[in-house]
Amino acid sequence: MKMCTKIMTELSDYLDEGIDPALRAEIEQHLIKCKNCRIVVNTTKKTIDIFCNSEPAAIPETTRQKLYEALQRKMRSCRS
Ligand SMILES: [Zn+2]
């Protein structure tokens, strides 16, 4: 599996801290090198922060849209 795809698969565990330390280290190494994955991880983290600091289900539509677009871009670049 490509590392970019793997990160997308493990992203929620990674952000939850519920991830194997070896895999976490592997992901962090990849994030240093791969700007696309870094953007996806940062965007997702921001979205979660917004979600945690606001009323339930109050993720702004624009944020959700941006996250979705970032994921779509990521998926496309991984396939090419
Ligand atoms: Zn990547």
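Visitor: Which residues does I27 touch?

Guide: Two residues are in contact if their C-beta atoms, placed from the backbone, lie within 7 Å. Leaving out residues up to four places away in sequence, I27 touches I7, E10 and Y14. This is a predicted model, where local features need pLDDT of at least 70, side-chain atom pairs count only at pLDDT 80 or more, and totals for chains, interfaces and linings use all residues. Residues are numbered from 1 along each chain as its sequence is written.

Visitor: Which residues form the largest nonpolar core?

Guide: A nonpolar core is a set of buried Ala, Val, Leu, Ile, Met, Phe, Trp, Tyr and Cys residues joined through C-beta atoms within 7 Å. A residue is buried if 20 or more other C-beta atoms lie within 10 Å of its own. Here the largest such core has six residues: I7, Y14, I27, C37, V40 and V41. The largest share, three residues, comes from α3; helices are DSSP runs (H or I, at least four residues), numbered from the N terminus.

Visitor: How is the packing of α1 and α3 described?

Guide: Two packed helices are described by the angle between their axes and the distance between the axes. Axes are lines fitted to C-alpha atoms over the stretch in contact, and angles run from 0 to 180 degrees between N-to-C directions. For α1 and α3 the angle is about 25° and the axes are 11 Å apart. That makes α1 roughly parallel to α3, a term for angles under 35 degrees.

Visitor: Which residues make the contact?

Guide: C4, I7, L11 and L15 of α1 meet N36, C37, V41, T44, K45 and I48 of α3.

Definitions and conventions:
A residue is buried if 20 or more other C-beta atoms lie within 10 Å of its own, exposed if 12 or fewer, and partly exposed in between; C-beta atoms are placed from the backbone. Helices (H or I, at least four residues) and strands (E, at least two) are DSSP runs, numbered from the N terminus. Angles under 35 degrees count as roughly parallel, over 145 as roughly antiparallel, 65 to 115 as roughly perpendicular and the rest as oblique.
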